[in-house]
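Welcome! Have a look at the structure below, and then let us walk through it together.

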Amino acid sequence: MTKRKRQPRRPTTAGVIVCLVCGVLLAAASYLIDAFGGLYGLPGWEQLYAWLGIPMDTPSAEMLQTGDATVTFFDVGQGDSVLIACGEDTCLIDAGTPDAADSLVAALQTAGVRRLDYLVMTHPHADHIGGMAAVLENLAVETLVLPDLSGADTDAGQLGQVLEEAAAAQVETVTAAAGDTFPLGEGTLTVLLAGLPDADLQDDANNTSLCLRFSLGQFAFLDTGDAEEAEEEALVARCGAGVRCTLFKAGHHGSSTSNSQLLLTMAAPRLAVVSCGLDNDYGHPHAEVLDRFALNGVEVHRTDLEGTVVVSGQADGSWELVADDGADGTGEESLTPAA
């Protein structure tokens, strides 16, 4: 007896209508939460995630307004994602690991971030772009700032997904060059170096990292992506004291291949934040880097031990660590003003 192949069932008209209605309702609910969350008895994203039992480690919208500018280092595991907020303007540098994509989007929404003026890719490693397509899909992004991707396969993998999502959302894309500046509130984001000119994306992608400096008066933040010692030397050679900063994102998750004494001497940061995963396979941050920070008088905080870290900066150069006190979602720990 010959068995007849079962034909796949086609969706019924009623099923299609139900799916469409559900999609419209979800979109409407998302819009209402974005626009009116916390008002008129409507829950905000933070309350909604709490009801659903989704763990959150994120600043509140109030925390992002505690100083003239805030720099938030999201806990995205063994990866990087940093939000700069200055006035009404926002810039997200990198977007963490693929595993952290949903929690990163949720954290941004909970913090009241509905749009990004800039989304910056320092270099196309998975631990820096893993959540970037999700960010592009869920938030309005004005400009996507990219490193030099010549020689990269821009149609495949996570990089391909990011660029495809950016194109679908009609996001302006810019390939950064050394010296480029981007206004951010009352401050300025500057591309100090756009990677080593001879670095290869396949074999030396870390040294293609965009090196960025955000400045607001006397307050400055330096982010060198995963730049290793060779690129750090080129950065200092090009910029000299122009790398000086108040706050430094430890290079390459606190690896000994980065964070050279040369860079620390010229940058002279007062505070460094290491973005890395708990008990990661690489041993980041390396003990010799932590020792180097200590010898240079640099205060160190770590996302693997503390979760998301928020630093508030003032244009006069002073700064403070802003911490969630676990009660009402706000709280501040004042630290010594930077020199």
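A nonpolar core is a set of buried Ala, Val, Leu, Ile, Met, Phe, Trp, Tyr and Cys residues joined through side-chain atoms within 4.5 Å, where buried means under 20% relative accessible area (1.4 Å probe, protein chains only). The model is predicted, so local features need pLDDT of at least 70 and side-chain atom pairs pLDDT 80 or more, while totals for chains, interfaces and linings use all residues. Residues are numbered from 1 along each chain as its sequence is written, and side-chain values use heavy atoms, leaving out hydrogens and water.

Let us begin with the largest nonpolar core, which has 35 residues. Among those with the most contacts inside it are Leu92, Leu108 and Leu144. Helix H3, strand E4 (115–120), helix H5 (132–138), strand E5 (140–146) and helix H6 (157–168) each give it two or more residues; helices (H or I, at least four residues) and strands (E, at least two) are DSSP runs, numbered from the N terminus. Apart from this core lies another, of 29 residues, including Phe182 and Phe214.

How many of the 10 residues of H3 are buried? Eight are, so this helix (residues 101–110) is largely enclosed by the rest of the structure. Leu104 and Leu108 are among the buried ones.

Now turn to the open sheet of seven strands, in the order E7-E8-E9-E10-E11-E12-E13 with mixed pairing; two strands pair if DSSP finds at least two bridges between them. Its edge strands are E7 (181–184) and E13 (299–302). Within the sheet, E8 (residues 187–194) and E9 (residues 210–216) run antiparallel, joined by six bridges. Thr190 has Arg213 in E9 as its bridge partner.

Note on methods. Buried means under 20% relative accessible area, exposed over 50%, partly exposed in between (1.4 Å probe, protein chains only).
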